[in-house]
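Subject: Structure for your review

Dear colleague,

Please find the structure below, followed by a summary of what was found in it.

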Amino acid sequence: MGKNNVKTLGAIRSELDSLDQQIISLLVKRMSSAHDLVECKVKNALPLRHKDRENEIVQLRRKQAAKSGLDPDFAERMMKLLMNHSLALQKKILLKRKKA
């Protein structure tokens with residue numbers, strides 16, 4: 001590999017590192033909403049899980065992904081992973097709340 005290829009590779013890796021940092025920051029923001037979500041659900045006597053809403057979100061993100069050139073199946077897997085993690089976090093918050 002020539003010196004120019006290494007610089008290009010370095011620049012690409014730097015861009016990917018920056019994007020990864022942004023993704024993590026967005027995930028932190030999304031998961032911090034779990035606290036507000038639990039409070040709202042408890043206050044309004046709503047269940048933690050709302051399957052219709054989850055399905056709606058998955059379908060919306062699949063469409064968004066397809067329009068953006070991203071594999072809709074990948075987007076669906078990511079959304080389900082995020083929602084499952086959020087649900088687990090909400091359960092954890094609720095459990096801590098009950099123990100307090």
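Leaving aside its neighbours within four places in sequence, with which residues is Glu-76 in contact? The answer is Val-58 and Arg-62, where contact means heavy atoms within 4.5 Å.

Before the details, a note on the basis of these values. This is a predicted model, in which local features need pLDDT of at least 70 and side-chain atom pairs count only at pLDDT 80 or more, while totals for chains, interfaces and linings use all residues. Residues are numbered from 1 along each chain as its sequence is written, and side-chain values use heavy atoms, with hydrogens and water left out.

Salt bridges

Side chains of opposite charge can pair when their charged atoms come close. The structure holds six salt bridges, a salt bridge being a side-chain nitrogen of Lys or Arg within 4 Å of a carboxyl oxygen of Asp or Glu.

Glu-76 is found in helix α3; helices (H or I, at least four residues) are DSSP runs, numbered from the N terminus. Lys-80 counts as partly exposed, at 41% relative accessibility (buried means under 20% relative accessible area, exposed over 50%, and partly exposed in between, with a 1.4 Å probe and protein chains only). Through shared partners, salt bridges join Arg-62, Asp-73, Glu-76 and Lys-80 into one network.

A further salt bridge joins the side chains of Glu-54 and Arg-49 (2.9 Å, N to O). Glu-54 is buried, with a relative accessible area of 15%, whereas Arg-49 is partly exposed at 34%.

Pockets

The largest pocket has a volume of about 580 Å³. On a 1 Å grid over the protein atoms alone, a pocket is an open set of points where a 1.4 Å probe fits, with protein on both sides within 12 Å along at least five of seven lines; lining residues have an atom within 4 Å of a point. Grid points are joined across faces, edges and corners, and the volume is the space filled by probe spheres set on the points.

Of the 17 residues that line the largest pocket, Ile-23, Leu-27, Met-78, Met-79 and Leu-82 lie nearest its centre. The elements giving two or more residues to this lining are α1 (3-43), α2 (51-68) and α3 (72-99). By class, the lining has twelve nonpolar, three polar and two charged residues (Ala, Val, Leu, Ile, Met, Phe, Trp, Tyr, Cys and Pro count as nonpolar, Asp, Glu, Lys and Arg as charged, and the others, Gly among them, as polar).

The second largest pocket has a volume of about 420 Å³. It is lined by 17 residues, of which Leu-37, Lys-41, Arg-53, Ile-57 and Gln-90 lie nearest its centre. The largest share of this lining, five residues, comes from α1. Its residues divide into eight nonpolar, four polar and five charged.

Yours sincerely
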